[in-house]
Amino acid sequence: MKITFPHMGNLDIILSDLFTRLDVNFVLPPKTTTKAINLGVKYAPEFACFPLKVTIGNLIEGLEAGADAVVMVGGIGPCRFGFYAEIQNKILHDMGYDFEMITLEPPMADIKDFAGKCKKIASKKTLWQILQAVRIVWKKAVAIDEVEREVLKWRAFEKNPRDTTVAHKKGLAALKDAITPCEIKKAKEKALSLVNEVEKDLCRCPLKIGIVGEFYALLEPYVNFDIEGYLGQKGIYLERAVYLTDWIGPSKKNSVMGTDSDELAKAAKPYLSHFVGGEGQTTVGHVVKFAEEGFDGVIQLLPFTCMPEIIAKSVLPKVRKELDIPVLTLIIDEQTGRAGVITRLEAFIDLLWNRRKKKLLAVG
Amino acid sequence: MKVGIPRALLYYKYFPLWNTFFSELGAEVVLSPQTNKRILNLGTEAAENEVCLPVKVFYGHTLSLKDKVDALFVPRIVSVEGGAYTCPKFLGLPDMIRALDVDLPQIISPTINLKLGWREFYRSIYELGGYFTKNFFKITLAFHKGLNDLRSFKHLTQNGCLLNEALTGRFSPVPKGPLRIGVVGHPYNIFDSYVSMNLIERLQKKDIKVLTAEMVSPEIIDEIVSNLQKKLFWTYEKDVVGAVFHWLDTRAVDGIIYVLSFACGPDSLIQILIEHEAKEKGFSVPIMPIVIDEHSGEAGLVTRLEAFTDMISRKAVKEKS
């Protein structure tokens, strides 16, 4: 059995590591590019959400590269994501691919089924060995996220453009090669110091922007036109709402951002008082938090037709009005062009600078 | 107290229950008029662009009611059975309405979530009744009267009565033609004659018998969907899938029209399930998807219906000879 899986940000680093530890035979599909997107768009239903289209593209490329099994994560709703695996299975089989779909449903729903699937993927290892491997890889995932968070914050201060990006790449490479928990810790420290050592101009007073929205659009730089890199190099301090470990993490507590989901739900309550699947409620909660923390603005990433984010978008005008924080919603799908996104970002940045100037003048 | 019920979304599922419940508790129920151009425009202007058509229609109905009532009824229907949800939009609906930039009367929005069990369910019913009376027995009685009315309404639809006819009590003559077409999709799309551009009436005028998912018994639907590889976690999509699979199995229809609203999340995926099943089992029943949004034109629909029904009747003649 040769396994493949779709891309999402740094998920490939983490899963490759896990599969190597578990002696699982796997192929990595090529990183997401226009080719994968075009393939996905061709075979996915027209108004399915964008992540479904892209991941179908990934899987086609993975199967073409010789895989005969697919690992996907399932779900119990109400967001469409829970049904992705099933739909991908049907579409790819209808296309004529012969493969086995292994859907990991959330362990809370059916722990026995989950254990069985794990055993199936890593047939050479015992459940105990799998658990140990997951534990170590989890540490690596947390380390990767911590480094990324620092990169987002400090890129705004770099003296020479792209220095932080280069340091980030070096750091990731070191983390990729780390095997034991001790090595992972060392690699993380090295990565953090690489980012720290980048020559900085600390006299800047950058704009602070929070990035919220649907997790796939947040985590996959090819899909979001790497807006974090773009904004960072424009000298903007960024904080992001969702990291990979928040998504793959088994715990309800948010390990990286330091805010747990109950707290976010509380923050969102005056505007959206019930969870609506996906990140809908946390998106609103994060906007409220960013507003309270004095951020200059928030950018919401919304894959076209994403239900929870549309609900969030519908209540955000009220948040914007009551908490006086500008929110820019970027809707992303295969029709979205980079130039259009950049134009809107530039206009947004101008708006934020003007607001800041006005505020300073008012104070002083 | 005047309670406004928008004639949209889950009105098509539960109106008899709410109507009786509120009336029994002494409230006056005000129902918004049939969808028309003005209502649709109100909705599309107020809603964010990306919101799906049925929710925009709901916005329109709510706004058309706001000055005529003391309270608006916008329930948060999270789950109507143990293991499944409704669409996410139903979960956020009251908040979406509250976020509208207009002055609204009081909004009554009980949370109905059967995932939390019957105790929680009855608690929200009593909370809802509490808006009108403090009398525990009166609420219980009113609710059970409402349930009874809902049951008889469902009984009607299951025995072949079309949902809009069962709701309004206006019955049209039964078509006598030999052709039968199954029309599936959300009731709030199909039975809103403005939104669906009179789809059902058009078919009936051609003397075609129209079958809908409401006419398939819940037991059959449950059995069919329990055979699915993955459990469907949206209740109202189960009805669509169950009915289509049932019709395909029993060859009860000559053709199927699947009405989807543009950018409807669940519909986009269910379509794949249906097409896959039909293909897998090698059924020859033609399936035509019709996607509607606020820009849909009548001429396009008429042409497509014409072509579809012609094709089906030619096929039926051929099979008989």
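**Helix packing and parallel sheets in a predicted model**

In this predicted model, helices α10(B) and α11(B) are roughly perpendicular to each other, because an angle from 65 to 115 degrees counts as such and theirs comes out at about 90 degrees. Helix α10 covers residues 218-226 of chain B and helix α11 covers residues 235-250. Their axes lie 8 Å apart. On the α10(B) side, the contact is made by B:Ile220, B:Ile221, B:Ile224 and B:Val225. On the α11(B) side, B:Lys238, B:Asp239, B:Gly242, B:Ala243, B:Phe245 and B:His246 take part. Sorted by class, this contact between α10(B) and α11(B) has six nonpolar residues, along with two polar and two charged ones.

Next comes the sheet of chain B. Four strands make up an open sheet here, in the order β2-β1-β3-β5, and the pairing is parallel. The edges are taken by β2 (28-31) and β5 (106-108) of chain B; each has a single partner strand, so one side of each has no neighbour in the sheet. Going from one strand to the next, the twist averages 30 degrees.

Looking at one pair in that sheet, strand β1 (residues 2-5) of chain B is joined to β2(B) by four bridges, in the parallel sense. Within this pair, B:Gly4 stands opposite B:Val30 of β2(B). Helix α1 (residues 11-24) of chain B packs on the sheet, where it touches β1, β2 and β3 (71-73) of chain B. The direction of α1 makes about 155 degrees with that of β2(B).

B:Ser124 sits in helix α5, which spans residues 118-129 of chain B. The relative accessibility of B:Ser124 is 9%, so this residue counts as buried, the cut-off being under 20%. Setting aside neighbours within four places in sequence, B:Ser124 is in contact with B:Pro110, B:Thr111 and B:Ile112.

Over in chain A, strand β7 (residues 327-332) has five of its six residues buried, so the strand is largely enclosed by the rest of the structure. Strand β6 (residues 297-303) of chain A runs parallel to β7(A), and six bridges join the two. One of the paired positions involves A:Pro303, whose bridge partner in β7(A) is A:Ile332. To get from β6(A) to β7(A), the chain passes through helix α14 (residues 307-323) of chain A. This β-α-β crossover is right-handed.

Conventions. Residues numbered from 1 in each chain as written. Chains lettered and ligands numbered in written order. Predicted model: local features only at pLDDT ≥ 70, side-chain atom pairs only at ≥ 80, totals over all residues. Heavy atoms only, no water. Axes fitted to C-alpha atoms, helices over the stretch in contact; angles between N-to-C directions. Parallel < 35°, antiparallel > 145°, perpendicular 65-115°, else oblique. Contact = heavy atoms within 4.5 Å. Nonpolar A, V, L, I, M, F, W, Y, C, P; charged D, E, K, R; others polar. Buried < 20%, exposed > 50% of the residue type's maximum accessible area, 1.4 Å probe, protein only. Pairing = 2+ DSSP bridges. Right-handed = clockwise from strand over helix to strand, strands pointing away.
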